[in-house]
Amino acid sequence: MGSTQFGNFHDFCRDSTLPVCNLFTPWRQRPAELFGQLQGYDGCQLTGIGLSGGRHLGNLGSILIAFIAILVTVFLILRSNRKEAAVGRREFQLFLLGYIIIEICEIFTVGGLPMGSPLQQRVVLGFSAVHLGAIVATLWVLMLNGIVGFQLLDDGTPLSLGLILLSAAALFIGTGYIALDTAFSYSNRFDGSLTGDHRNIGLYVLYQLAPLVFLAAFFILETILVLRVLGEKKPMLYLFGAALLFAIGQIFQYVISTHICQGTNGKINGALFETLFTLLAVVMTWVFWSSITEDTWPMPVSGGTYTS
């Protein structure tokens, strides 16, 4: 995920298009310009498509893919409804709903929409805070889905869904508050992260590290479930495929993005491909989940004819 000192976001924001970077820049737009060219680094400003009045639509590709991702995820939610006997059906739908929220936010936080007025800038900051909170909460829900498969609690019950929603809400609110306080300086506690290397330990742990822990835990839990409990191997191909697609997306975002930006003179960068490969990873995760669950309840075998 790039080389940097623990808690620092400067290098990430210089080379990538991340929603967290909106919180640190005084212009609230095109962070790469501030983190790159204005501070003497070899940064690349994502300009995208030129509009009238000197404005730019920075990331049309990510906007289009995010819109497609929303439609695809709605289809997956509806398709999941048909799997009446699937273990963790409602819990997995919560994960998909979280992903829809992420993609809606991504249109405003990563899309590079031409927003110049103070109100429009505040809208971007608000969506950025929601975006960060949704990422942490959604991946937490995904990890809990890995536990649901062991059926320690009855899935789909108010208790199961309530525990997931309450714990996810706590992470969402906590992350969102730190992000909003950083952006709007409510308490001035995080003002130090607005300058220098943009060091923010809270956001670094919650946004950069915690999601990786949640993903690793989900992968380990599902591997144990499939190999040890279900005794199957084929679903592991889907699980490995999802992990690989997600990893490719992160490589585009954190490693290759700056090279794509420079090679296209700022027309596109790795954010477009990160959005695409993350969508593919989510679809593959659904395919994996679908492969280890039943569509319908098995028909009971009658031992005789009932007579009154």
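**A note on a predicted helical model**

1. Which residues join arginine 14 in a network of salt bridges? The network links Asp11, Arg14 and Asp15.

2. The side chain of arginine 14 meets the side chain of aspartate 11 in a salt bridge, at 3.7 Å from N to O. Arginine 14 also meets aspartate 15 through their side chains, with an N to O distance of 2.9 Å. The total count of salt bridges is two. As a general point, side chains of opposite charge can pair when their charged atoms come close.

3. How far apart are aspartate 11 and arginine 14 in helix 1? They are three residues apart, which means that about one helical turn separates them. Their surroundings are worth a look too. Aspartate 11 is partly exposed because its relative accessibility is 25%, a value between the limits of 20% and 50%. Arginine 14 and aspartate 15, on the other hand, are both buried.

4. Now step back to the whole chain. Its secondary structure comes to nine helices and two strands. If you read along the sequence, the pattern is α-α-β-β-α-α-α-α-α-α-α. The protein chain has 308 residues, and buried ones make up 49% of them. Its accessible surface is about 14,900 Å², with 67% of that belonging to carbon and sulfur atoms. If you take the contacts between residues at least 6 apart in sequence, 72% of them join residues at least 24 apart.

5. What about the inside? In soluble globular proteins, nonpolar side chains tend to be buried together. The largest nonpolar core in this model holds 66 residues, and the members that touch the most other members are Phe9, Val20, Leu23, Leu96, Leu203 and Tyr207. Several elements give two or more residues to this core, including helix 1 (10-15), helix 4 (89-109) and helix 7 (201-230). Which helix gives the largest share of this core? That is helix 5, with 14 residues. Apart from this core lies another one of five residues, including Leu245, Phe252, Ile260 and Phe277.

6. Valine 20 sits in the loop between helix 1 and helix 2 (31-35). Its relative accessible area is 0%, so it counts as buried. Leaving aside neighbours within four places in sequence, valine 20 is in contact with Phe9, Leu132, Leu203 and Tyr207. Alanine 183 is 163 residues away from valine 20 along the chain, while their C-alpha atoms are separated by 9.6 Å. For leucine 96, with neighbours within four places again left out, the contacts are Thr73, Leu76, Ile77, Ser80, Val282 and Trp286.

7. Threonine 138 belongs to helix 5 (residues 118-148). Is threonine 138 buried or exposed? Its relative accessibility is 5%, so it is buried. A polar atom of its side chain lies 3.4 Å from the backbone oxygen of glycine 98. Beyond neighbours within four places in sequence, threonine 138 is in contact with Phe95, Gly98, Tyr99 and Ile102.

8. Next, turn the model to see its surface. Ile147, Leu152, Leu153, Leu159 and Leu163 form a nonpolar patch there, and together they have about 480 Å² of accessible area. Leucine 153, one of these residues, lies in the loop between helix 5 and helix 6. With a relative accessible area of 39%, leucine 153 is partly exposed.

9. A last stop is isoleucine 268, in the loop between helix 8 and helix 9. Isoleucine 268 is partly exposed because its relative accessibility is 29%. Its contacts, other than with neighbours within four places in sequence, are Leu46, Ile260, Cys261 and Phe273. Isoleucine 268 and leucine 60 are 208 residues apart in sequence, and their C-alpha atoms are 8.6 Å apart in space.

Technical notes. Residues numbered from 1 in each chain as written. Predicted model: local features only at pLDDT ≥ 70, side-chain atom pairs only at ≥ 80, totals over all residues. Heavy atoms only, no water. Helix = DSSP H or I, 4+ residues; strand = E, 2+ residues; numbered from the N terminus. Buried < 20%, exposed > 50% of the residue type's maximum accessible area, 1.4 Å probe, protein only. Polar contact = N/O pair within 3.5 Å; in protein donor to acceptor, adjacent residues only side chain to side chain. Contact = heavy atoms within 4.5 Å. Core = buried A, V, L, I, M, F, W, Y, C linked by side-chain atoms within 4.5 Å. Patch = residues over 30% accessible without salt bridge, like charges linked within 9 Å, V, L, I, M, F, W, Y side chains within 5 Å. Areas by Shrake-Rupley, 256 points an atom, 1.4 Å probe, with all protein chains shown as cover. Salt bridge = Lys/Arg side-chain N within 4 Å of Asp/Glu carboxyl O.
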